[in-house]
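This report describes selected local features of one protein model. Please consult the sequence and the structure shown below while reading.

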Amino acid sequence: MVCHLQSDQLVRQLHLVDLQKSWNDAQQYCRDEYIDLAIVNSSALIQEAQKRAGSTEAWIGLFKSDWKWSQTGPVQSSWFNMWSPGQPGTDECVTIFSDGSWFTRPCSATYFFFCYDAATNKHIQVKKSMTWSDAQSYCRQTYTDLSTINNLQDNTQAASVLSLNYQAWIGLYRNWMWSNSSTASNLPWGPGQPDDSLNCVTIVGSTGSFNSHNCDDQRPFLCSRDVKPSASRSVKVQLRAGSADLNDPTVQESILQQVREKLVEQGIREEVKLRWRTQPDGKIFHREEETAPPGDSEKEDCGSV
């Protein structure tokens with residue numbers, strides 16, 4: 001008998017594609033031929049990606065997102081902004097200054113912040129120094145969200161309540177994301193990385209660390225595919241002598257059904273396919289001469305697959 005066991009759980013497989021492509025072209029290739037650029041968001045997957053990359057430095061599915069508002073999501077192609085000259089910089093979160101201009105700041109810095117209150121349709125200054133993420137949590141728990149500034153009137157209103165030369169967080173930010181739109185965190189950046197002016201990421205095969213690069217650079221890349229692992233085993237079945245004709249297909253199917261029921265009783269819920277293996281002489285069953293006492297012959301249990 002042949003047991004073919006397929007798990008219900010998906011396992012992610014990574015594949016190195018040794019073609020020179022930009023990050024965007026590599027992403028499209030992976031989506032056409034596999035599932036996506038490699039999402040390596042665990043230590044096990046990072047080790048697997050490092051192994052697959054070998055001596056190369058290959059694109060993975062990590063990039064810096066476009067600007068987004070905390071409450072309303074990605075900005076539109078034509079959107080209101082009040083960047084100060086020379087802005088936006090390389091940091092990922094945004095403050096409004098007392099003169100109404102906007103600056104990028106490290107998200108870990110602490111400032112006062114503006115919350116939007118949907119109940120009153122007002123922007124409320126909160127005079128508590130917090131990081132951008134903590135300010136976002138505070139606004140969502142106490143009001144609606146960090147403020148979205150969509151027009152000059154709202155911008156002027158917010159700036160007018162700030163003390164001279166003060167600044168405060170608003171809800172504008174960008175972050176590192178995976179190609180499947182999930183947020184990335186705890187990334188194993190290489191020395192001096194990331195370069196905040198560069199928006200796409202490789203894994204270095206020799207170290208397993210991440211580097212940021214210009215998205216137009218031409219590099220090999222890692223694609224991912226999720227598969228259900230399977231295994232096949234040949235199992236010897238011994239049957240007691242009886243009156244049933246074992247060459248009868250109905251009898252053979254009845255035996256397979258009994259084995260399936262036994263597997264379910266033993267807690268094997270994965271998809272299991274059973275079939276008889278036909279021997280070179282065209283037969284499935286052979287009568288065995290007893291060469292050892294009953295119970296001493298070696299048997300294999302399909303339930304152990």
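On a 1 Å grid over the protein atoms alone, a pocket is an open set of points where a 1.4 Å probe fits, with protein on both sides within 12 Å along at least five of seven lines, and its lining residues have an atom within 4 Å of a point. Grid points are joined across faces, edges and corners, and a volume is the space filled by probe spheres set on the points.

The model is predicted, so local features need pLDDT of at least 70 and side-chain atom pairs count only at pLDDT 80 or more, whereas totals for chains, interfaces and linings use all residues. Residues are numbered from 1 along each chain as its sequence is written, and side-chain values use heavy atoms, with hydrogens and water left out.

**The second largest pocket**

The second largest pocket holds about 290 Å³ of space. Its lining comprises 16 residues, and those nearest the centre are E92, N175, W176, T183 and A184. By class, 9 lining residues are nonpolar (Ala, Val, Leu, Ile, Met, Phe, Trp, Tyr, Cys and Pro), 2 are charged (Asp, Glu, Lys and Arg) and 5 are polar (the others, Gly among them). Because domain 1 (14-116) and domain 2 (123-224) both contribute residues to the lining, the pocket lies between them. The domain bounds come from an automatic or database domain assignment.

**Helix α1**

Helices (H or I, at least four residues) and strands (E, at least two) are DSSP runs, numbered from the N terminus. Buried means under 20% relative accessible area, exposed over 50%, and partly exposed in between (1.4 Å probe, protein chains only). In α1 (residues 23-33), the residues W23, A26, Q27 and C30 are buried. They lie on the same side of α1, because they cover an arc of only 100 degrees around the axis, taken from the directions from the helix axis to the C-beta atoms. Among the elements that cover these buried residues are β2 (11-21), β4 (57-64) and β16 (219-227).

**The loop between β6 and β7**

S84 is placed in the loop between β6 (73-74) and β7 (93-97). S84 is buried, with a relative accessible area of 12%. Leaving aside residues up to four places away in sequence, S84 touches S101, W102 and F103, where contact means heavy atoms within 4.5 Å. S84 and I96, 12 residues apart in sequence, are separated by 9.6 Å from C-alpha to C-alpha. The loop between β6 and β7 also holds P88.

**Backbone geometry**

Most residues other than glycine have a negative phi, and most peptide bonds are trans. The exceptions considered here are tabulated below.

| Site | Backbone feature |
|---|---|
| Q87 to P88 | cis peptide bond, omega near 5 degrees |
| Q193 to P194 | cis peptide bond, omega near -5 degrees |
| N121 | positive phi of about 55 degrees |
| N165 | positive phi of about 65 degrees |

P194 occurs in the loop between β13 (176-178) and β14. N121 lies in the loop between β9 (111-117) and β10 (122-130), and N121 is exposed, with a relative accessible area of 56%. N165 belongs to the loop between α4 (152-160) and β12 (167-173); at 55% relative accessibility, N165 counts as exposed.
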